[in-house]
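Here's a quick tour of a protein model for anyone new to reading structures.

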Amino acid sequence: MTETNNFSFDDGFREYTINNDPNRTLRVNTRDYNILQRVSKALNELDSKIDSLKEEDFKLADDASEIEAFDFASDGSEVLNKFSRSAIDEIFYPGACDIIFGNANPMSTVNGVTIFEGFLRSFAETIRPILEEEEKKRKEEEKQRKLEEKKRREEERRNKPNWFKSTFDKLSNEIFSDE
């Protein structure tokens, strides 16, 4: 039987509970530079989806029955529900939406804000300082690496035989050794 080996290193993943519920834990790569871009993209696409649904709303006849209006609103809600769930899973990983929202429609509102937007804004506020600190560390590391490389090259230059000097010394020795 083959022995299983393991590589251990900090891959940037952290665990966050949702509203302090230990049964709702989301694993997030807090060092993923693209995650805020995916959040921004999802919010922009949501705005576009909502705008397109508002345009369709004008297509509902003024004399539509309450049932037709309810069905129409329900269809729009389902479109946004599917979109927002898919967007969350794209930002994080498949199944993340279920951890974050459970069975709730992410377009449900609390204090006038969708829980989808509320979560993403809270997430962005939490992760932004982590990414900024990581970028600061990366730049400092890069600066240190460049400084060390510069020192190494200078040391090589000092220790490298000077062709001109060695040739001059050799010729000088030959010329003056005959005397």
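Predicted model: local features only at pLDDT ≥ 70, side-chain atom pairs only at ≥ 80, totals over all residues.

Let's start in the middle: the largest nonpolar core has 26 residues, and Ile 88, Phe 92, Phe 116, Phe 119 and Leu 120 are the ones that touch the most other members.

**A closer look at Phe 119**

- Phe 119 is buried, because its relative accessible area is 14% and the cut-off for buried is under 20%.
- Which residues does Phe 119 contact, leaving aside its neighbours within four places in sequence? They are Ile 18, Leu 26, Ile 88, Phe 92, Ile 100 and Phe 101.

**Helix H4**

- H4 runs for 45 residues and reaches 65 Å from its first C-alpha to its last, which is close to the 66 Å expected at 1.5 Å a residue.
- Even so, H4 has a kink of about 30° at Ile 127, shortly before the proline Pro 129.
- Ile 127 also turns up among the buried residues of H4, which are Phe 116, Phe 119, Leu 120, Phe 123, Ala 124, Ile 127, Ile 130 and Leu 131.

**Aromatic pairs**

- How many aromatic pairs does the structure hold? There are four.
- In one of these pairs, the ring centres of Phe 92 and Phe 123 sit 5.0 Å apart with their planes at 80°, so the pair is edge-to-face.
- Phe 92 is in the loop between H2 and H3 while Phe 123 is in helix H4, so this pair ties together parts that are 31 residues apart in sequence.
- Put together, Phe 92, Phe 101, Phe 119 and Phe 123 make up one aromatic cluster.

**A buried asparagine**

- Asn 81 sits in helix H2.
- Is Asn 81 buried or exposed? Asn 81 counts as buried, because its relative accessibility is 12%.
- Not counting residues up to four places away in sequence, Asn 81 touches Asn 105, Pro 106 and Met 107.

- Strand E1 (residues 13–18) pairs with E2 in the antiparallel sense, over six bridges.
- Within this pairing, Phe 13 has Asn 29 in E2 as its bridge partner.
- The hairpin has two residues between the strands, and Asn 19 takes a positive phi near 50° there.
- Asn 19 belongs to the loop between E1 and E2, and it counts as exposed because its relative accessibility is 70%.

**Another asparagine with a positive phi**

- Asn 111 has a positive phi of about 55°, although it is not a glycine.
- Where is Asn 111 found? Look in the loop between strand E3 (109–110) and strand E4 (113–114).
- Asn 111 counts as exposed, because its relative accessibility is 80% and the cut-off for exposed is over 50%.

Definitions and conventions. Residues numbered from 1 in each chain as written. Heavy atoms only, no water. Core = buried A, V, L, I, M, F, W, Y, C linked by side-chain atoms within 4.5 Å. Buried < 20%, exposed > 50% of the residue type's maximum accessible area, 1.4 Å probe, protein only. Contact = heavy atoms within 4.5 Å. Helix = DSSP H or I, 4+ residues; strand = E, 2+ residues; numbered from the N terminus. Expected span 1.5 Å × (residues − 1). Bend = angle between axes of the 7 residues up to and from the residue. Phe/Tyr/Trp six-rings, centres within 6.5 Å; stacked < 30°, edge-to-face > 60°. Pairing = 2+ DSSP bridges.
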